[in-house]
Amino acid sequence: MNKIMTCSAALLALTSLLAACTPTPTPPTYACPAGTTVTTIGTVQGAADASPLAGQVVTVRGVVTLDAQAGLSGFYLQDVAPDGKADTSDGIFVYTATTPRTVKAGEVVEVTGTVKEFSGLTEIDTVTTLTSCGTTSLPAPAAVTLPAASATALEATEGMLITIKQSLTVTDTFTLGRFGELGLSSGGRLFNPTNGQGGSAAENKLRTIRLDDLSSKQNPATVPYLTSADAQTATRRAGDTVSGLEGVLHYANGNYKVQPTKAPTFTASNPRTAAPKDVGGTIKVAGANVLNYFTTLGSAGRGASNATEFTRQKAKIVAELRALNADVITLMEVENNGETALNDLVAALNTASGRTEYASVQTGTVGTDAIRVAIIYRPDRVETIGAPQIDTASVYSRPPVAQIFRDRAGKGIFTVMANHFKSKGSCPTSGDTDQGQGCWNLLRVDQAKAVLAFADRLKLSDPDVLIMGDLNAYGAEDPIKTIEAAGFESLNKRIPAADRYSYQFNGEFGYLDHALSSSALAAQVTGITEWHINSDEPVFLDYNIEFKNHPECTSATCTTPDLYTPTPFRSSDHDPVLVGLNLKADGDPVLPLTVQASGDASVTAGQAYALTYTTGGAPDSVSVTWGDGSSDSLNVAGGVATHTYAAAGTFTVTVTATRGATTTAATKTVTVQSVVETGSVYFSEYVEGASNNKAIEIYNGKNVPIAAGTLTVNLYNNGSTTPNASNVFTLAETIAPGATYVLVNPNAVAALKAYANAESTVTNFNGDDALELILNGQRVDVIGQIGFDPGSEWGTGLTSTADNTIRRKAAVTAGDANGTDAFDPAAEWDGFATDTFDGLGVR
């Protein structure tokens, strides 16, 4: 042991000796040319937001802290000798545009250029000279802490190396795939100030900073900061955290951004879950905004643009709805095309489950908006009682739909109402403008009041009413307070405050998707959750293919990796809501007598108008008055009634249901529009054959019939300026749209007369006569030239009007209403041999 100790001591002595002999490294040195007038970077930056030297040419000296020319077309320079002023930055961005300079981190350079303010960033632009002076050590990063003391506090470190040691939370993933950046916040995620968690917009701004990817290029080929490159797991969710950020502080697009000099290390603090949290109960009710589920592809920016996108969208929505495992699901943003889109979604759900698992509440078109609400359910778990009820009050953007259900196992009865209030966008210039709760808040309050009135009617059958839907109002806003004040409980408030959100906008979270229960139902609610599969996820993980490296995206901007997977994550922009119920057994409800009527707001006279109507409460009889003096008896079970209006006008349609001494009615206003005529009527064929083989064909190219008595053909003989009174034809029947009408000389051969719709002496013409076509008193076509005698014929060869057949060229779609201009058949007619009849009767 003594030998070991002796050797150890000797080793320590040797180590100390070597250390003493090893020289301490000296920092790198640099030397810049003497005689140069150098302006300190702090002087260029100044103490205000904008530089006091903007527009002036200066020479600055500093150490390169970050070369970002590849992505930002510039590099960052920081003064080696800080000015010691707390309110001026010692760093600056040098913009090199399309002429990059050779620099590296740690290199000291002198740069001559023009001071410029670019969208709030102070920079050196239009670089004329750059001189390298050697290298030195990088300055220590300045410590930055959030929230910032003021909106301009970070200006003092703009362009400098900084470090943020505290933990920051990802609160905005919206532009991650588009621009490679994340929004970060101190103190956890940001909540909308009107959601109920407190805070203000100004306070939220002070807590926020953005993490960029050293590039301003759009649609990066490699999206930064993801959890992995595997499409199945690749994400970066809001709620994840990062600490120890180091980089240069940049300013662009109205935000301070960290351009990292050290790769950030994230913690997946908010991991995905394969299913929503357990809400208990024997029956589950969900609400899901399916973000424009349209079977009509490419519908003005709504829904999928093509079949590939629709297949991808459908797979995600089906995965979401199946994972919810709910017995009743209210849906928002289904295409309002009757049952087409809804049936398509239900069929996809049943195909995925391998059985008929879901059915839909059939309502047909609801309201006039492009989207509607809908309800689907599991028939083996719940049964519908009575017909669906639709509140047709004019205040709604999308009318709510309600349905009574019975729990097949427990026999409990409850009513579910699906809603979608007016959005906060498309702001008016006056009136219901944004007063702190988004635009149209007053309208949403009125819609909330209408929902309460609707709920009161529903309670007459059963007091257990559950209001679900996208109310486009956050939890502490007026529309929700209005419903709560009437005795409904906002079930979302049972969710812990930190988890109470379903939507993200501008980096702020809140819940627009609500579940509110009547007081009678509240005690039967076992739980509620919002499943965060959408609001926390980056947008670029959705089904769309634009900007993505996908075979069907062919533009130069299709560079973002396509990380689509047929999973629930980013299936929509709203998180679904799930409610658990443990219902008390109920007796059969007394269904109120109801009738609903819906249909298009307008129709064209002469076309059939379809009115969809539903009834409830087992009426004895149902009838409709159409408002034009007509009425019909209808099927008491509901259905579609049709009616054709003869004339234009505005009519009130009334559907009346009767049960004993009780009656109820629903009305629908229909505007009947006049027929807008298009197309023309003209001569389409002329036969001047052997002897009396003479015929004229008239074509109705209009979209409306030509009525009897409205059309006349006149014959002008031998250059006369007045028609031959004994040779006039007046239409005595109707010519349908797209039909021809053939007039044949009474003395023609049988083969020609076989084509006749009518015989007329107006065909007593020779090659030098003119024919005139009059419709409703207006000349619409002429063959020949009125008041001029050509001698024996108009034209020459086969296209002459003597002993030939001429047909209007296919490209001609209107007559020549000028009866006195020169007439050359070859311009608009094709010629055929004498006694050619086979083209008559066909245009």
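**View 1. Helices α6 and α7 cross where their axes come within 10 Å.** The axes of α6 (residues 307-324) and α7 (residues 340-353) cross at roughly 65 degrees; axes are lines fitted to C-alpha atoms, for helices over the stretch in contact, and angles run from 0 to 180 degrees between N-to-C directions. This is a predicted model, in which local features need pLDDT of at least 70 and side-chain atom pairs count only at pLDDT 80 or more, while totals for chains, interfaces and linings use all residues. Residues are numbered from 1 along each chain as its sequence is written, and side-chain values use heavy atoms, with hydrogens and water left out. Helices (H or I, at least four residues) and strands (E, at least two) are DSSP runs, numbered from the N terminus. α6 and α7 are therefore roughly perpendicular to each other (65 to 115 degrees; under 35 counts as roughly parallel, over 145 as roughly antiparallel and the rest as oblique). Phe310, Lys314, Ile317, Val318, Leu321 and Arg322 in α6 are in contact (heavy atoms within 4.5 Å) with Asp344, Leu345, Ala348, Leu349, Ala352 and Ser353 in α7. The residues of this contact comprise 8 nonpolar, 1 polar and 3 charged (Ala, Val, Leu, Ile, Met, Phe, Trp, Tyr, Cys and Pro count as nonpolar, Asp, Glu, Lys and Arg as charged, and the others, Gly among them, as polar).

**View 2. Helices α8 and α9 have axes that come within 8 Å.** The axes of α8 (residues 441-459) and α9 (residues 478-485) cross at roughly 20 degrees, so the two helices are roughly parallel. From α8, Asn441, Arg444, Val445, Ala448, Lys449 and Leu452 meet Asp478, Pro479, Thr482 and Ile483 of α9. Here the division is 5 nonpolar, 2 polar and 3 charged.

**View 3. The largest nonpolar core has 35 residues.** A nonpolar core is a set of buried Ala, Val, Leu, Ile, Met, Phe, Trp, Tyr and Cys residues joined through side-chain atoms within 4.5 Å; buried means under 20% relative accessible area, exposed over 50%, partly exposed in between (1.4 Å probe, protein chains only). Ile164, Leu168, Leu184 and Ile209 touch the most other members. Strand β13 (245-252) is one of those that each supply at least two residues, and β13 gives the most, with 4 residues.

**View 4. Isoleucine 495 lies in the loop between β24 (489-490) and β25 (503-505).** Isoleucine 495 counts as buried because its relative accessibility is 3%. Leaving aside neighbours within four places in sequence, isoleucine 495 contacts Arg500, Ile528, Thr529 and Glu530.
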